[in-house]
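The sequence and structure come first.

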Amino acid sequence: MKYGLIGNPLGHSMSPHIHSLLGNDDYELLELKEEELEAFFTKKDFKGINVTIPYKEKVMKYLDVIDENAQRIGCVNTIVNKDGKLFGYNSDYDGFKELIESSNIDVINKNILVLGSGATSKTVTTVLKDKGAQNIKIVSRTKGENKITYEEAIEEDCNIIVNTTPQGMYPHTARYPLAINGFSNLEAVVDVIYNPLNSRLLTFARRRKIKAVGGLKMLVSQAIRAHELFFDTLVDQELKKKVYNSIYKDKVTLVLIGMPGSGKSTIAKYLSKEFNKPLIDLDKEIENKENRLIKEIFASDGEDYFRDIETQITKKYAKLHGQVISCGGGIIKKRENIEMLRQNGFIIFVNRDVSLLEALKSDKRPLAKTSEDLERLFKERKHLYFRSADKVVRNNGVFLDCAKYIKEWFDENNDY
């Protein structure tokens, strides 16, 4: 291999995609067993590689030169072969530094909890100290030198929390490392997890209107730094921005919410085709699972049963990246649904005037059979739609025009 990533397991790594966007199509994935490391590094048949779990510390003994940051941290994730000599770096350092700087997180004189004590924790702690942080406490499952337990952590007066553990990572997206409701002075929560894009820990932070930052930018930034080291070059800011936006747009799920008849299904079909993302219609998925129409489910088992099935289906698809999801009108009635959809989703409220929904009523919609039903439903749900949405679009005209507007907006918006 010329360039690539070694580790075990590697799963569905985003690294080849990122490096391809940077112009490197020779980037490969190579799973190695620990007993294969010796032969791999003796042969030195590569130009540049990244290293991930569980070898970031173990590879250091094979290196001829180790960068100062990597030495201080005690682990390496980027290795460059320069005429047979192996140079080790830690581009995660640059990735996390970019993450907190671009998120405008000031760490000076702040009380910071770093969750986890592994290699990533060491990297994060080093960056925080270099940025001027004075009071950093490492939280671990077992108490040790310079480490406190999770039970002790909840008693801390904390301003910033950084999660470096895998708690909440796909597929175990319902997990979280620490309850944050007791931290009254909390200003920011950073989670280096990037799958899902927004972990449950970040969901808790957003619920409290606390700044919440996921790990995707760290992932992309460290890959860009590795590319610079591989090719002894510098990537300009415009390309960095383009690469990050491309990765985000590829991975994010577009979630459409709104009243029955607002145009969600039509718009979703258009966006699915234009963005080349799978289309998921949650109502159709429910009917397929139950092998009966929604109106039959309501008539036979009632709304509560339907909502439980809706949540089950939502949980299934919310874990996945890069889809277009059209939701039923009542999806917002359970906060749990919205929080699951926000794991990987950008939520768009398609807002159509109730008077324009009248001609779209159907007996397929058991809760919206009359104009009065629609008026009542909208009054009940209006605040939930607005609370749930990342973006609101008016759709009082032709459905396709609204779909084109969303496509254009999403293509042009660079504030990811």
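The expected span of a helix is 1.5 Å times one less than its number of residues. The model discussed here is predicted.

## Helix H10

Helix H10 covers residues 264–275, which makes twelve residues. From the first C-alpha to the last, H10 reaches 16 Å, close to the 16 Å expected at 1.5 Å a residue. Just after H10, asparagine 276 has a positive phi of about 55 degrees.

Lys264, Ile267, Ala268, Tyr270, Leu271, Ser272 and Phe275 are the buried residues of H10. An α-helix has 3.6 residues a turn, so residues three or four places apart point the same way.

## Asparagine 395

Asparagine 395 lies in the loop that runs between strand S17 (391–394) and H16. Is this residue, asparagine 395, buried or exposed? Its relative accessible area is 1%, and buried means under 20%, so asparagine 395 is buried.

Not counting residues up to four places away in sequence, asparagine 395 touches Ser262, Gly263, Ile267, Val350, Asn351, Arg352 and Cys402. One of these, Ile267, is also among the buried residues of H10. The side chain of asparagine 395 reaches the backbone oxygen of serine 262 at 2.6 Å.

## Threonine 311

Threonine 311 is placed in helix H12. Its relative accessibility is 9%, and because the limit for buried is 20%, threonine 311 counts as buried.

Which residues does threonine 311 contact, leaving aside neighbours within four places in sequence? They are Lys334, Glu336, Asn337 and Met340. With lysine 334 there is a polar contact between the two side chains, at 3.4 Å. Isoleucine 331 is 20 residues from threonine 311 along the chain, and their C-alpha atoms are separated by 8.3 Å.

Leucine 320 sits in the loop between helix H12 (294–318) and S15.

Together with Met169 and Tyr170, Leu320 forms a nonpolar patch on the surface. The accessible area of Met169, Tyr170 and Leu320 together is about 250 Å².

Technical notes
Residues numbered from 1 in each chain as written. Predicted model: local features only at pLDDT ≥ 70, side-chain atom pairs only at ≥ 80, totals over all residues. Heavy atoms only, no water. Helix = DSSP H or I, 4+ residues; strand = E, 2+ residues; numbered from the N terminus. Buried < 20%, exposed > 50% of the residue type's maximum accessible area, 1.4 Å probe, protein only. Patch = residues over 30% accessible without salt bridge, like charges linked within 9 Å, V, L, I, M, F, W, Y side chains within 5 Å. Areas by Shrake-Rupley, 256 points an atom, 1.4 Å probe, with all protein chains shown as cover. Salt bridge = Lys/Arg side-chain N within 4 Å of Asp/Glu carboxyl O. Contact = heavy atoms within 4.5 Å. Polar contact = N/O pair within 3.5 Å; in protein donor to acceptor, adjacent residues only side chain to side chain.
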